[in-house]
Amino acid sequence: MISKFHPHLKCIVHHAVNACLAPVCSLHHCAVITVDGIGTVASRLHPVQRIAKAHGSQCGFCTPGMVMSMYTLLRNNPEPSMVDIEEAFQGNLCRCTGYRPILEGYKTFAKKSACCGGRGRGKGCCMANNCNEEDISMYDPSKFIPLDPTQEVIFPPELLNLGKQPPRQMKFKGERVLWIQPSTLTELLDLKSHYPESKLVVGNTEVGMPMKFKNLLYPVILAPAYISELNSVQHTKQGIVFGAACTLTLLGEVLRDAVAKLPTYQTEVFKAILEQLRWFAGKQIRNVAAIGGNIMTASPISDLNPVFMAAACKLTTMSKGTVHFFLGRSCAFIGQYFSAFKQSPRQEDDIAIVTCGMNVVFKEGSNIVEKILLSFGGMAPTTVIPKTTCKKLIGSAWNEKLLEDACASLAEEMVLPPSAPGGMVPYRRTLTLSLFFKFYLTVKHYLAVDLQHEAVPPGQSSEDFVGRPIMHLSALKQATGEAVYCDDIPCYENELHLALITSTKAHAHILSIDTGEAMTVPGVVAFVFAKDIPGSNITGPAFYDESVLAEKMVTCVGHIVGAVVADTQAHAQRAAKVVKITYDELKPIISIQVSTAVFMKSVELYEKYVNQIRLTFNPYCEIHIGGQEHFYLETNCTVAVPKGEDGEMELFVSTQTASKTQALVAKALGVPANRIVCRVKRMGGGFGGKESRSIILSTVVAVAAMKRPVRCMLDRDEDMLVTGGRHPFLGRYKVGYMTSGKIIALDVTFYANAGNSKDLSFSIVERALFHMENSYNIPHVCGTGYMCKTNLPSNTAFRGFGGPQGMMVAESWMSDVALACGIPSYEVRRMNLYNEGDLTPFNQRLEQFTIGKCWEECLDISNYMKRQGAVEEFNRQHRWTKRGLSIIPTKFGISFTSVFLNQAGALVHIYTDGSVLLTHGGTEMGQGLHTKMVQVASRALGIPCSKIFISETSTNTVANTSPTAASASSDLNGMAVYNACQTLLQRLEPYKVKNPKGSWEDWVNAAYFDRVNLSANGFYNNSGRAFNYFSYGVSCSEVEIDCLTGRQKVCSDMWTSGAFMQGLGLFTLEELHYSPQGSLLTRGPGMYKIPAFGDIPVELQVSLLRDSPNDKAIFSSKVLGEPPLFMAASVFYAIKDAITAARSESGLSGPFRLDSPATSERIRNACEDRFTKLCPPAEPGTYTPWAVRV
């Protein structure tokens, strides 16, 4: 939080800002408060850090940002509304929690409770369940520290006095940049004249990004943020005049005040600007971004420029600089209507696909257009006005004829080349028509005038925490910023920093590498290339088919060629960017469709196929499922510390697989594995992305650290470039079925885009085949899987590990059968479900099969039949807005499919003071594994959790560990911990018998003095079946789509969690774009959007199936790490149901193709109508696309 005395507002202002964008020089005269400055575990927690006790912190890497956003809000408004709270978190991202526990914890600060007050949420209501909020709460709000604004840190008086003094010019000179902060307008004009190439920076939201990601350098920066003329706000008879340095937050505050005071007809433009500001970036950006900067960047997808242009706002400039613009009440007329629209992949904090401002004035007392001004962003290199269309419409009546003329004219005038940057050309062209239609309807209208948890068994000891919701063991440290992640480890003496040198070509021979210019960068110590690896350059987690460093050929953009080692991270990165590599380019293969190289045909198992069955769909039907970026909040990081003798090295790594990291680093260094120790304290998220792809970075860092400690933490764009993600899948299928909807036979083939190496692709395709029938009993099945080699970074493990792709294809053919038969999809799904005792295609009998019970309970809780009727009635009454409903089952197998990995070890020490140190083979990445292992040990040993401690995971305590993956870590490591504890209990039993009234400490000390070993190893392996057991679930979702823009919102959902929200991103939002040359275009949060706070369902209910024990896992544990991800497919198929309703309005029926993710573009294009026909796509092969589907 940044606090400063604002000399023009004459008050102290508090703002949350993005630290990565805030230049240090801009903080002069500011007070900076970070998360560790408001409360600590050792001293006193601040009330805002209650997020920990509300279970709102999992991996914890996003928690400090959440805490400070809320803290800033409370400093400005001690009693916020829920709307204020939700707005404060725009721009904050979380990949673990699904956001709900964060909002639930912080709603305790809000003015009003979130309880429905008996207004009838049916069975989801606390009153309907004969309980109150306290009974079902996962925490006790009464134990939270109350907020007392009088106890906050005061603004330093010294800074207050400085802020009131007359401003003076300041200069800060760095290694390559001169920062000048002028104090007057005259100084600014003189400086700009003297430094004509200088950049003017207020919020740094535009200049900071190209400096970071495009390697641009601006030697002189002028900071006019404190010049009075540029910060003024003047209310005149003609309108409101804003200085160019006024922030967007201030703009919103002033306009909201004007809307409340002025007549409605005078505020049409103001309200449109406010609507655009609502979705403009995040709160932290709006707090610093300036109006003038937003205008002068002239972005083609600007949110505000189309509004300013459509409103005929005036931009005033002086020959040497000052910029004002005028929001004109001079163009405010009775009979004027103004609207602004923005369409983006994600509504909250996202860049636009198309934006527009639309302004029409009618002749007094009529519907005849006197003036009309339309302005579009996203349709040209700059904001554009369709002048021909506007001219044609003047003098026309506002009716259907005008609409037809406008759409036809816009279709002709608003054209884009097929290969335009950003792609989606037909969609963008259609949007111009659709958004005008929305404006037409708007004007025509005006012209016409809670979570539950299951109770523990009766009589369970209060000290036995198994089955009870307990706080994540590290949550408090995460909420105070005290939790130590890999890059938080203090720097070693003589430590160096490493930056990667990566390929810019997807497929090419390396001809030469020139490091001459890089050597001139200050602080550069060394370069690392393949020839410097002392051991083997060959690596790979399952197959040795990769190189640590590319030597003669690169096979993807982002292929690691070498590394620079320097005294600072900044110097290393600067040097890496100027290393020149000469290539002999080869033709790359990017997509599945054109991949001709196949690693190997996956096992053609699962065959219960009868050739006599005639398969109905001919030719094969298809669905493409796009890839997904892990987007863990903590990027990959390694610190390597050489020990100086015998080749020993200690690695601190953010990884899910410590033992494999140890083994492959040892292989590269040419030493036995016993010389390498890999240590993992915690990770800021993993999701499979740190199971194998983290090893390459660790190996490179280890090679560079032969003599001195070396550290490397990747930037977000680097991490996304080099690590790969979820495998894109193409599913092809034929289905044989009866007219009743009963499915008889299935022939399905999966094609997975593996990337440039095998990595874990074999097992991922294998698991997809294991889940190809999802929860349905299909008598005759043939499944085949292929791994397609392409010139992309190797794709890898991701939550679900191929299972979601396999089940997604299953639900696609299930949806097609329902549409072809004309039978409701829920009936077709229900009639084909497995039953208890059925055999899967891989001959595993289903035991304790609960899908049927889950299905019926979900129908009941969701009021499915009543809701279905309401959806149908809504769709009859609305032409351009449709709702859809879907219910989807999930059967997810729990185990590693590679049988040898189903093992785990643990080590338990009991010390003479009674405290217990526990170590196991799993790693903590936010899922609470350490917390669960402490619960297991607590119950097994019969002692409180407070006596048990887990420090870290390390290869020198538990050896040969399996990756923390496959949702199996709690089951495997839990049994290993239990096994070790049982060994210790047997050793302590004689002393408990001898002294039954003694304490735990008494028994431990008696055993110690009797020379009994108080340390024990534990080990466990399971039966080795395909799956130890299955997790079952059913999800029901209702969605609403805007048929004109493709925007969708989840109205209600019967399941939401962090995994579910990740699945929601996979199936509806997250989309990776690759250029035809194989370059990833969506690097970083600016271009790649994960679900945000605003994407969680409006209404949600979660129910755990009662009376369904599991005898195949520790303490009846059931896995919930991966299975809920696929339950988000219910949102996808609810969208498809809504599209079906929209298509029926155009006379279209039967099966249709909808690929995943169901983005706004795909939704809009699938809702075929007269507007889409006016904007047909270009013929494939006639142009070079901006991006290709991989």
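# Close-up views

**View 1: the surroundings of Cys94.** Setting aside residues up to four places away in sequence, Cys94 touches Cys62, Met66, Tyr99, Ile102, Leu633 and Ile1090; contact here means heavy atoms within 4.5 Å. You're looking at a predicted model, where local features need pLDDT of at least 70, side-chain atom pairs count only at pLDDT 80 or more, and totals for chains, interfaces and linings use all residues. Residues are numbered from 1 along each chain as its sequence is written, and side-chain values use heavy atoms, with hydrogens and water left out. Cys94 sits in the loop between α2 (82-88) and α3 (100-106). Those labels come from DSSP runs, numbered from the N terminus: helices are H or I with at least four residues, strands are E with at least two. With a relative accessible area of 6%, Cys94 is buried; that word means under 20%, while exposed means over 50% and partly exposed is in between (1.4 Å probe, protein chains only).

**View 2: four annotated cysteines.** An unreviewed UniProt entry marks Cys59, Cys62, Cys94 and Cys96 as "binding site". They're spread over 38 residues of sequence, yet they cluster in space, with a largest C-alpha distance of 9.4 Å. The UniProt positions follow the numbering used here, feature names are shortened, and annotations may be inferred rather than shown by experiment. Find Cys59 in the loop between β3 (31-32) and α1 (63-76). Cys59 is buried too, with a relative accessible area of 3%. Beyond its neighbours within four places in sequence, Cys59 has contacts that include Cys96, Gln478, Tyr485 and Met925.

**View 3: Glu104 and Lys107.** Glu104 belongs to helix α3 and counts as buried, at a relative accessible area of 17%. The side chains of Glu104 and Lys107 are joined by a polar contact of 3.1 Å. To qualify, a pair of N or O atoms must be within 3.5 Å; within protein, one must be able to donate a hydrogen and the other to accept it, and residues adjacent in sequence count only if both atoms are side-chain atoms.

**View 4: an open sheet.** Three strands line up in the order β12-β13-β14, with antiparallel pairing. β12 (336-343) and β14 (369-377) are the edge strands, each with a single partner, so one side of each has no neighbour in the sheet. Neighbouring strands are turned by 10° against each other on average, direction ignored. Helix α9 (residues 268-278) packs on the sheet, touching β12 and β13, and its direction makes about 10° with that of β12. Axes are lines fitted to C-alpha atoms, for helices over the stretch in contact, and angles run from 0 to 180 degrees between N-to-C directions. Eight bridges join β12 to β13 (residues 354-362); two strands pair if DSSP finds at least two bridges between them.

**View 5: helix α27.** This helix (residues 929-941) has 13 residues and reaches 18 Å from its first C-alpha to its last, close to the 18 Å expected at 1.5 Å a residue; the expected span is 1.5 Å times one less than the number of residues. Since 11 of the 13 residues of α27 are buried, the helix is largely enclosed by the rest of the structure. Those buried residues pack against β34 (916-920), β35 (948-949), β36 (953-954), α28 (969-994) and α29 (1000-1009). Next comes Gly942, with a positive phi near 75°.
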